[in-house]
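Here is a short report for a reader new to this structure. Look through the sequence and the model, then read on.

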Amino acid sequence: MSVEMWTAVSSGVVGVASAVAATWSGRAARRTRRDHRRDDFTVVTDAMRQEMKRQGQRISELEQVSDRQDQRLEGAGVAISYLLDRVRGLTSWVRAAGLEPPAAAPIPEQARDFINLEV
């Protein structure tokens, strides 16, 4: 290789190295390490906001489900009270007619807390 060729190759290498250094320094000047951390913080906080919004909606749905269940339980309680009063009334009517009502089946253990037979 001739001297002119070596000069041309070395100037090309220096030019490429200068371009890489200029690109790197330009990027470093625009985007500091703190900027990257700030971007990460923004991404994390946005994700947290979305998750909090989703959880808030889920809590609202669960509260609605709970309200419906409370209403159903209240209605079931009223229905049980009505049925107990109705059975007691029919039993007293049968006895007043001089008959004896059939023996009741044993009360299940789970239902004993809800049925008051001492009336």
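Arg-54 counts as partly exposed because its relative accessibility is 46%. This is a predicted model. The side chain of Arg-54 meets that of Glu-51 in a salt bridge, with 2.6 Å from N to O. Glu-51 is also in the partly exposed class, since its relative accessible area is 32%. Both residues belong to helix H2. They are 3 residues apart there, so about one helical turn separates Arg-54 and Glu-51. As a general point, side chains of opposite charge can pair when their charged atoms come close.

**Salt bridges**

How many salt bridges does a search of the whole structure find? The search finds 5.

Asp-85 and Arg-88 both lie in helix H2. They are 3 residues apart, or about one turn of the helix. Arg-88 has a relative accessible area of 27% and is partly exposed. Partly exposed covers the range between the buried cut-off, under 20%, and the exposed cut-off, over 50%, so the 27% of Arg-88 falls in that range.

Which residues gather in a patch of negative charge on the surface? They are Glu-63, Asp-67, Asp-70 and Glu-74. One of them, Asp-67, lies in helix H2, which covers residues 33–96. Asp-67 counts as partly exposed because its relative accessibility is 45%.

The surface also carries a nonpolar patch. Met-5, Val-9 and Val-13 form it. Together these three have about 250 Å² of accessible area. Met-5 lies in helix H1, residues 3–30. Its relative accessible area is 42%, so Met-5 is partly exposed.

**The whole protein**

The protein has 2 helices and 0 strands. It has 119 residues, and 3% of them count as buried. The accessible surface comes to about 10900 Å². Carbon and sulfur atoms account for 61% of that surface.

Leu-90 is found in helix H2. With a relative accessible area of 40%, Leu-90 is partly exposed. Pro-101 is 11 residues from Leu-90 along the chain. The C-alpha atoms of these two residues are separated by 8.9 Å.

Is Phe-114 buried or exposed? Phe-114 is exposed, because its relative accessible area is 63% and the cut-off for exposed is over 50%. Phe-114 has its place in the segment after H2. Gly-77 is 37 residues from Phe-114 along the chain. Their C-alpha atoms are separated by 8.6 Å.

Definitions and conventions
Residues numbered from 1 in each chain as written. Predicted model: local features only at pLDDT ≥ 70, side-chain atom pairs only at ≥ 80, totals over all residues. Heavy atoms only, no water. Patch = residues over 30% accessible without salt bridge, like charges linked within 9 Å, V, L, I, M, F, W, Y side chains within 5 Å. Areas by Shrake-Rupley, 256 points an atom, 1.4 Å probe, with all protein chains shown as cover. Salt bridge = Lys/Arg side-chain N within 4 Å of Asp/Glu carboxyl O. Lys, Arg positive; Asp, Glu negative; His and termini not counted. Charge placed at Lys NZ, Arg CZ, Asp CG, Glu CD. Helix = DSSP H or I, 4+ residues; strand = E, 2+ residues; numbered from the N terminus. Buried < 20%, exposed > 50% of the residue type's maximum accessible area, 1.4 Å probe, protein only.
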